[in-house]
Amino acid sequence: MAACTSQQALISVKPRCASASFGPDRRAGSVRFVSATSCCPGSRKLGLVCASNSQSSVIEPAKLPSSPESGSNPKKSSEAALILIRHGESLWNEKNLFTGCVDVPLTPKGVNEAIEAGKRICNIPVDVIYTSSLIRAQMTAMLAMMQHRRKKVPIIVHKESERAHQWSQVYSEETKKQSIPVITAWQLNERMYGELQGLNKQETADLFGKEQVHEWRRSYDIPPPNGESLEMCAERAVSYFKEQIIPQLVSGKHVMIAAHGNSLRSIIMHLDKLTSQEVISLELSTGIPMLYIFKEGKFIRRGSPAGPSEAGVYAYTKSLAKYRQKLDGMDQ
Ligand SMILES: O=C(O)[C@@H](CO)OP(=O)(O)O
């Protein structure tokens, strides 16, 4: 299994073993993500040390909406995993084209990235999956789940029409127990890139100037022509996260979200309380999973699980360790 290399880690990561921290590095005015392996290359034991010494901040909870299952009080004891994963490389990433809401599939490299991401989270429980309505995120979620040791079947929930809903019913409780609902939501789509969609990024920079294109791509509140700014994207992605996904975590469900560079940057900005200055330098690599633990109403950032043999991942929480033991038991 391919280990997480610094190239795979979330963007230009500086070696940081000395500080042994995970998640955004706020030094030098930029935000970088550091993964477990890039922090402690090749060392299981150190991985553990990193995990327990990590400065993973406990993030003040976003105002929690009331959950149908828990009323307005989050269950104090509930603890749930939240996995975020940007889709693998798409055919338009490969061609360096602005993609936005254009629905393009993964490249073979992207397929591989999704499979490798799946190996890295194959021991982490997943009860419900959220993806955007775009095929590259859905492919990523499905390919990743094919690697999961629990071998539950991810099934897309169709609610676009009454007939779609009716015709996709499952009539066996046992089969339902062996399935994972996959909920698709346009709110998790990539930022709509307006009139840049389909244009080559380099050619656009040559035409309009590097600064202008950088402003369109990475400013917080300046939209590209007839498209969405990151702020506009965050408005719908974070509202959806608060209204639909947090209640699942509150009720103790383990959630995976497969989405896009900008919709995930918006959600991470919310979870990690990044400022609009910090978020503009946050870059996410394709196909790298990131783990948060939701506990007692707070999000604890746990970086990027390195792989199924990485001991540190299972020291994150007692319930993750137990889940892994259960999987080991099922294999025997
Ligand atoms: O083209 C896009 O849709 C996005 C993500 O690939 O590009 P950017 O890096 O500008 O956010």
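Predicted model: local features only at pLDDT ≥ 70, side-chain atom pairs only at ≥ 80, totals over all residues.
Reader: How many aromatic pairs does a search of the whole structure find, and how is the pair of Tyr 130 and Tyr 240 classed?

Author: The search of the whole structure finds five aromatic pairs. For Tyr 130 and Tyr 240, the ring centres are 6.0 Å apart and the planes stand at 75°. Planes over 60 degrees apart count as edge-to-face, so the pair of Tyr 130 and Tyr 240 is edge-to-face.

Reader: How many residues apart in sequence are the parts that Tyr 130 and Tyr 240 tie together?

Author: Tyr 130 belongs to strand β3 (residues 128–131), whereas Tyr 240 belongs to helix α10 (residues 230–250). Both tyrosines are buried. The pair therefore ties together parts whose separation in sequence is 110 residues.

Reader: Over the ring of which residue does the charged end of Arg 191 sit?

Author: Arg 163 lies over the face of Trp 167, at 4.9 Å from the ring centre. The charged end of Arg 191 is placed 4.5 Å from the centre of a ring, and that ring belongs to Tyr 193.

Reader: Which side chain meets Asp 328 in a salt bridge, and where does that partner lie?

Author: The count of salt bridges comes to nine, and one of them joins Asp 328 to Arg 149 at 2.9 Å, N to O. Asp 328 lies in helix α14 (residues 318–331), so the bridge ties together parts 179 residues apart in sequence. Both residues are partly exposed, Asp 328 at 28% and Arg 149 at 22%. The partner is Arg 149, in the loop between α5 (135–146) and β4 (153–156).

Reader: In the salt bridge of Arg 218 and Glu 283, what is the N to O distance?

Author: Arg 218 lies in helix α9 (residues 210–218) and Glu 283 in the loop between α12 (276–279) and β7 (289–295), so the pair connects parts 65 residues apart in sequence. Arg 218 is buried at 12% relative accessible area, while Glu 283 is partly exposed at 29%. Their side chains meet with an N to O distance of 2.7 Å.

Notes:
Residues numbered from 1 in each chain as written. Heavy atoms only, no water. Phe/Tyr/Trp six-rings, centres within 6.5 Å; stacked < 30°, edge-to-face > 60°. Helix = DSSP H or I, 4+ residues; strand = E, 2+ residues; numbered from the N terminus. Buried < 20%, exposed > 50% of the residue type's maximum accessible area, 1.4 Å probe, protein only. Lys NZ or Arg CZ within 6 Å of the ring centre and 35° of its normal. Salt bridge = Lys/Arg side-chain N within 4 Å of Asp/Glu carboxyl O.
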